[in-house]
Amino acid sequence: MDWVDLLLVAARVVGVFALLLLLTMVNVWMERKVVADMQNRLGPMRAGPWGILQTLADGLKLFFKEQVTPRKVDLGAYLLAPFLAVVPAFLIFMMVPLGPGWEVAGRSVPLQGADLNIGLLFILAMSSMAVYAVVLAGWSSGSKYPLLGGVRATAQAISYEAAMGLAMVAVVMFSATAPGAESGTLSLAEIVERQSGTWEGAVGFLDPVLGFIPRWNIFPQVVAFAIFFTAAVAETNRAPFDLVEAEQELVGGFHTEYSGIRFAMFFLAEYINIFSMCAIAATLFLGGWNGPVWAGMLPGWVSAILPVIWLMLKSYVLVVVFFWIRATLPRLRYDQLMTLGWKRLIPLSMVWLVISTVVIGFRQFGLPFGG
Amino acid sequence: MGMLKDFWKGFKVTGSIGLRGLFGKDIVTTRYPSEMREKPTRFHGRHVLNRYPDGMEKCIGCELCAGACPARCIYVRGADNPPDDPQSPGERFGYVYEINMLRCIFCGLCVEACPTEAITMTHLFEMSVGDRRDAIHTKDELLMAEDGSVPHIYREDPFADLSELDAADGWLRATSPSGVAAYEGETMWQSTPGPASWEPEPDQETRDAPDG
C-alpha cells in the first residue's frame, strides 16, 4: 500500500461523504416538494429555482442560530448525542456499493466507502447505534418530553430491528443460491453482483415468459422486502412510526431541547438515514447498481457512471414512497406500533424465513427421502 | 386485509393529488407578495375618512363611531367649524380622529354607525408598522386628500400597495330607517371611496307606502 492507495481511500471516503451531504440537501427539499404536491400546496419556491436552495438557507440559518443549553441537562451526553446520531448515519452509507468500480491509476477502485465482508452486520450495528443518540438525547435533556421520546425510541428500535434482521437473513440465504455462488455472503458488493443478469434458466418452463426479468431479490423475496421496508420506516422514525418525535404529543420528542446546529445534526441524521435505508433496500432487493450500461455503445465515462445513476434512481423511487407514506398515513397509536412489530412483523418474518429456507433447501439438495 | 384496502384508498388519494400537483394543477397556494388573491368586494380593510365631492370633510365629529366601537379603539374629539374656514358642511367637524389599529377588530360597526358615511373601509390589509406608536392612525393618515386619494402611513415604502386603498369596502347600508332588509335591485354599496354613488334613501313613509 503506497501513497496512491492511501489517496484513493481518502478520495473515496470524502467523495461518498460529499455525495451524501448533497443528496441530503436534495432530499429535504424533495420531501417538502412532494408532500406539498400531495397537499395542493407549492412548497418552497423562493430560494433558488423552485426553492432548491431552501435546505442550504435553512442550514445556514440553523448554523448561525443561538444554541440554547437548558440548565438541567446532563452536559456530556447532551453534547455527545448529536454526533452519535450523525456518525452512524454516515457510516451506514459508507457500506452501500454505488457501482461496480472504476479503474484509476491502474488500480481497481470500488465505488463504495468501504467494502466490509460483514457489511450487513455492520449496517445493523450502526442503525442500533443511532438509537443510542435518540435515547441519550432524550435522557440528557432533563425534560419530560424528550425523555418520553427517548423511551419510545428504545422500545421501537428493539421491536423493529428484529424483524429487519430476519428479513435480511432471508435475503442473505437466498443470495447464496445465486449461480456461481459458493456460500452466503454479508458483503453488500457481493450481494449486488449476485443479482446481475436475468432469471433465464432459473424459472423452469416459465423461462420464455419470465426469463427477461432481471435477477433481483425482490421477486422471490417480496415478503422480505415488505417487512424490510416497513421496518426501515420504523427504524428511521418516520411517519407513521414517528412516535419518537410526535410533534402533537411530545412537542419535538427527543430533540425538543436542541436548537441551532445541534438540532440540525439530528435533522441531517434523519434524512441521511432515510436515504441510506432506501439505498440499502435497493441494494438488497432491487439489484443495486445493476442495470443496462450499453458498454461499447456509449462513451466509456457514461457507461462508468450509469450504474451509479441506476442505484440513485432505484433509491429515489423508494425515497418518494417514504414521502408518500408520510403524506398519507396517520401516526400509529403506541400499542398499535407494538402490536404491528411483535405480533405481525416478527412472526411473519419468521414464517417467511422458514418457508424460504425450506424452498431453498429443496432446490439445492432435492426432496428429502427422494434418493 | 381490510386495513390494507384502507391504506390503498389513502395512497390513491395522495398519489393522484400529488401527480396533479407535480404538473401544477389544483395548487391553492397564492405566492403572496407577488401575487394577490382577489378580495371580496365588502372586504373590511383599513379605514378611510371620506370627503364630499366639493372637498368638505364628511366627518361631523359626532363620536357615534367611537361609541359603537366594541374594541374601544376610536378616539374622536369634535370641534366647532371655524366660520371663516369650515372643514365640514355641518356645525362641527372631527378635530381629532385616531384609530388604534392594534386594537381594531375590523368589525365595521363604526361604518354602520356613521350618520354621514364619513368613515368607510378600504381593501388595505397590510398594516404592519415599525413602531408600536405608528399603529395609532391619526387623522392625517386616515383622511383622504382633496383629489380623493387615500394616504398610507408608509407611502414611500416600495412594498406598499396603494391600489388597495382605492378599493373601498363596498359598505352595505345594513340599517335603514324603514327597517326593511330586502333591497332587491338597488345598489346598496359603493366600490370606491368617496361620496355615496346612490340616491338618497327615501324617508320611511314614502318607502313603506302600500302602493309604493
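Modeller: Happy to; we will start with the helix pair, then step back to its chain, and end with a visit to the other chain. Please keep in mind that this is a predicted model.

Let us begin with helix α1 of chain A, which covers residues 3-38, and helix α2 of chain A, residues 54-64. Two packed helices are described by the angle between their axes and the distance between the axes. For α1(A) and α2(A), the angle is about 105° and the axes are 8 Å apart. Angles of 65 to 115 degrees count as roughly perpendicular, and therefore α1(A) and α2(A) are described as roughly perpendicular to each other. Which residues meet there? From α1(A) come A:M25, A:V28 and A:W29, and from α2(A) come A:Q54, A:T55 and A:L56. Sorted by class, this contact holds four nonpolar residues, two polar ones and no charged ones.

Now let us step back to the chain that holds this pair. Chain A has twelve helices and two strands. The C-alpha trace spans about 70 × 50 × 50 Å along its principal axes. As for burial, 43% of the residues of chain A count as buried. Among contacts in chain A with a separation of 6 or more, 74% link residues 24 or more positions apart.

B:T29 sits in the loop between α1 (2-22) and β1 (47-49) of chain B. Setting aside neighbours within four places in sequence, B:T29 is in contact with A:R41 and A:L42. Is B:T29 buried, exposed or partly exposed? It has 13 C-beta neighbours inside 10 Å, so B:T29 counts as partly exposed.

Finally, chain B has an open sheet of three strands in the order β2-β3-β5, with antiparallel pairing. Strands β2 (74-80) and β5 (136-137) stand at the edges with a single partner strand each, so one side of each has no neighbour in the sheet. Strand β3 (residues 92-100) of chain B is joined to β5(B) by two bridges, and B:N100 has B:I136 as its bridge partner in β5(B).

Definitions and conventions
Residues are numbered from 1 along each chain as its sequence is written. Chains are lettered from A and ligands numbered from 1 in the order in which they are written. This is a predicted model: local features need pLDDT of at least 70, side-chain atom pairs count only at pLDDT 80 or more; totals for chains, interfaces and linings use all residues. Helices (H or I, at least four residues) and strands (E, at least two) are DSSP runs, numbered from the N terminus. A residue is buried if 20 or more other C-beta atoms lie within 10 Å of its own, exposed if 12 or fewer, and partly exposed in between; C-beta atoms are placed from the backbone. Two residues are in contact if their C-beta atoms, placed from the backbone, lie within 7 Å. Two strands pair if DSSP finds at least two bridges between them. Axes are lines fitted to C-alpha atoms, for helices over the stretch in contact, and angles run from 0 to 180 degrees between N-to-C directions. Angles under 35 degrees count as roughly parallel, over 145 as roughly antiparallel, 65 to 115 as roughly perpendicular and the rest as oblique. Ala, Val, Leu, Ile, Met, Phe, Trp, Tyr, Cys and Pro count as nonpolar, Asp, Glu, Lys and Arg as charged, and the others, Gly among them, as polar.
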